[in-house]
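Welcome! Let's take a short tour of a protein chain, one feature at a time.

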Amino acid sequence: MRTRTLTLSAAVGAALLAVAALPTSASGTANPRSAQEGSVSAAALLAKVTSCSQISSGKYRTDEETSATVPVCGKNGAVFWKADMDIDCDGQVTAKCNGSTDPWFQDDTAFHQSNGQALRADSLPYVVVPSTSSIWKYTSSGIKGGGVVAVIYNGKVEYAVVGDTGPTQIIGEASYATASALGIDPDPETGGTDSGVTYILFKNSQVSPIESHSAAVSLGDSLARQFLQNN
């Protein structure tokens, strides 16, 4: 699994104290069901990303200990990459995501809900993009917080949003809820999968509010159908 820097130790301590008092209905949406979302099949989307026109200046590693083998690829209306999935549990403190369940837990995300709170990783499907570096600047490709992502694994399509940023040289990470919906072990310390995940990020898209998974599915399905027509 990915090695992450231990930070915000004071916040983690406070987070642990907050878990016991946290209501199960704290802000966020219900856990997404583990099933095909939308009308576009995984096979149809994968058929459009069989070859890569590399847009990143270099390649990314999937973990600290691996070599850099993953490029960011460009298509009409989208960018994509094929990688692993590490589990991001950052954001709001919940019974599933906190300093006890996740040794690398941080109580914030790069992008926030409409009420200003951090995203909730155990109920909102979101994807992590690499922070800006000489390898790739995601904003230059029309990717922004709240943008729609089709995450494909084992014949399933899960729609998520761009919700957090990660290390500058590592790619392949998504929230607890994303993994759970796709049938991937969502444990932030021991879960994830080593390969087989395709991430298709739709350019210049925006889910509003970012925490609405149903809005992500609706917009994602529309953009996926356009993606098939334009590629």
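## The first disulfide

Cys73 has a relative accessibility of 3%, so this residue counts as buried. Keep in mind as you look around that this is a predicted model.

Which residue is joined to Cys73 by a disulfide? The partner is Cys52, and the two sulfur atoms are 2.0 Å apart. If the term is new to you, a disulfide is a covalent bond between the sulfur atoms of two cysteines. The link of Cys52 and Cys73 is left-handed, with -100° about the S-S bond. Cys52 sits in the loop between helix 2 and strand 1, while Cys73 belongs to strand 1, and the pair links parts of the chain that are 21 residues apart.

Counting the bonded cysteines along the chain, the disulfides follow the pattern 1-2, 3-4.

## A buried aspartate

Next, find Asp90 in the loop between strand 2 and strand 3. Asp90 counts as buried because its relative accessible area is 6%, under the 20% cut-off. What does the side chain of Asp90 meet there? One of its polar atoms lies 3.0 Å from the backbone nitrogen of Gln106.

## A cluster of rings

Now for the aromatic rings. The count of aromatic pairs comes to 3. One of them is formed by Trp81 and Trp136, with 5.8 Å centre to centre and 75° between the planes, an edge-to-face arrangement. This pair links distant parts of the chain: Trp81 is in strand 2 (residues 78–88), and Trp136 is in the loop between strand 3 (126–130) and strand 4 (148–153), 55 residues apart. Trp81 and Trp136 are both buried.

Trp81 also pairs with Tyr199, this time in a tilted way, with 5.9 Å centre to centre and 35° between the planes. Since Trp81 lies in strand 2 and Tyr199 in strand 7 (residues 193–202), the pair ties together parts that are 118 residues apart in sequence. Tyr199 is buried, as is Trp81. Put together, Trp81, Trp136 and Tyr199 form one aromatic cluster.

Our last stop is helix 4, which has 18 residues (residues 213–230).

The buried residues of helix 4 are His213, Ala216, Val217, Gly220, Asp221, Leu223, Ala224 and Phe227. What covers the buried residues of helix 4? The cover includes helix 2 (42–46), strand 1 (73–75), strand 2, strand 4, strand 5 (156–166) and strand 7.

Notes: Residues are numbered from 1 along each chain as its sequence is written. This is a predicted model: local features need pLDDT of at least 70, side-chain atom pairs count only at pLDDT 80 or more; totals for chains, interfaces and linings use all residues. Side-chain values use heavy atoms; hydrogens and water are left out. Rings of Phe, Tyr and Trp (its six-membered ring) pair if their centres lie within 6.5 Å; planes under 30 degrees apart count as stacked, over 60 as edge-to-face and the rest as tilted. Helices (H or I, at least four residues) and strands (E, at least two) are DSSP runs, numbered from the N terminus. Buried means under 20% relative accessible area, exposed over 50%, partly exposed in between (1.4 Å probe, protein chains only). A polar contact is a pair of N or O atoms within 3.5 Å; within protein, one must be able to donate a hydrogen and the other to accept it, and residues adjacent in sequence count only if both atoms are side-chain atoms. The expected span of a helix is 1.5 Å times one less than its number of residues. Contact means heavy atoms within 4.5 Å. A disulfide is a pair of cysteine sulfur atoms within 2.5 Å.
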